[in-house]
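Please consult the sequence and the structure below before reading on.

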Amino acid sequence: MELPVRKPNRIPRFDYSTPGAYFITICTKDRKSIFGHIVGGGAFDAPDMVLSDTGRIVEKFILSGNRIPNVRVDKYVIMPNHIHMILFGEDGFDGTSKAPSPTNAAIPHFVSTFKCFCHRQAGFTIFQRSYHDHVIRNDKDYLKIWEYIDSNPAKWEEDCFYKEACV
């Protein structure tokens with residue numbers, strides 16, 4: 001059986017050791033809605049996420065994630081079956097390691113460590129194996145992503161990760 005060809009998810013010739021902003025999306029295993037649910041959305045009630053116990057574990061480690069040297073969580077949202085984060089590689093950021101593998105770069109290291117702590121605390125595998133990342137290239141791109149994160153709960157039913165049966 002021939003395996004499907006995966007498209008490369010890295011920008012060719014981009015220096016990932018460059019300090020800057022990265023937009024990260026991590027989905028739950030099998031896209032199960034285990035982080036909580038969206039409430040509100042009425043005339044006087046903006047949609048908001050109510051976290052489950054698992055969602056609170058994830059938030060705890062997002063908030064403590066700033067302990068990883070030179071990587072800072074700038075903005076995040078936890079949705080029922082995925083999370084979005086803007087991560088900043090700050091001064092002293094080294095997007096690559098001395099090891100030859102790009103998976104040892106600072107952002108993948110942050111994501112791997114974050115997922116490991118969440119899985120260990122929850123006692124089961126929360127996240128899928130892979131994740132999506134996007135290099136934020138300029139202020140316009142940054143503001144667009146910031147707004148996307150802010151408005152994500154209000155647009156949950158339009159979200160590409162929305163699963164009606166799980167709500």
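From the N terminus on, the elements run β-β-β-α-β-β-α-β-α, which amounts to three helices and six strands. Helices (H or I, at least four residues) and strands (E, at least two) are DSSP runs, numbered from the N terminus. The model is predicted: local features need pLDDT of at least 70, side-chain atom pairs count only at pLDDT 80 or more, and totals for chains, interfaces and linings use all residues. Residues are numbered from 1 along each chain as its sequence is written, and side-chain values use heavy atoms, with hydrogens and water left out.

**Strand 1 and its partners**

- Strand 1 covers residues 20-27, and eight of its eight residues are buried, so the rest of the structure largely encloses it; buried means under 20% relative accessible area (1.4 Å probe, protein chains only).
- With strand 5 (residues 82-89), strand 1 pairs in the antiparallel sense over eight bridges; two strands pair if DSSP finds at least two bridges between them.
- Ile 26 stands opposite Ile 83 of strand 5.
- Strand 6 (residues 132-136) also runs antiparallel to strand 1, joined to it by five bridges.
- Within strand 6, Val 135 is the bridge partner of Tyr 22.

**The chain overall**

- Of the 167 residues in the chain, 40% are buried.
- Among contacts (heavy atoms within 4.5 Å) between residues at least 6 apart in sequence, 63% join residues at least 24 apart.
- The chain exposes about 10300 Å², of which carbon and sulfur atoms supply 54%; accessible areas come from the Shrake-Rupley method with a 1.4 Å probe.

Definitions and conventions:
Buried < 20%, exposed > 50% of the residue type's maximum accessible area, 1.4 Å probe, protein only.
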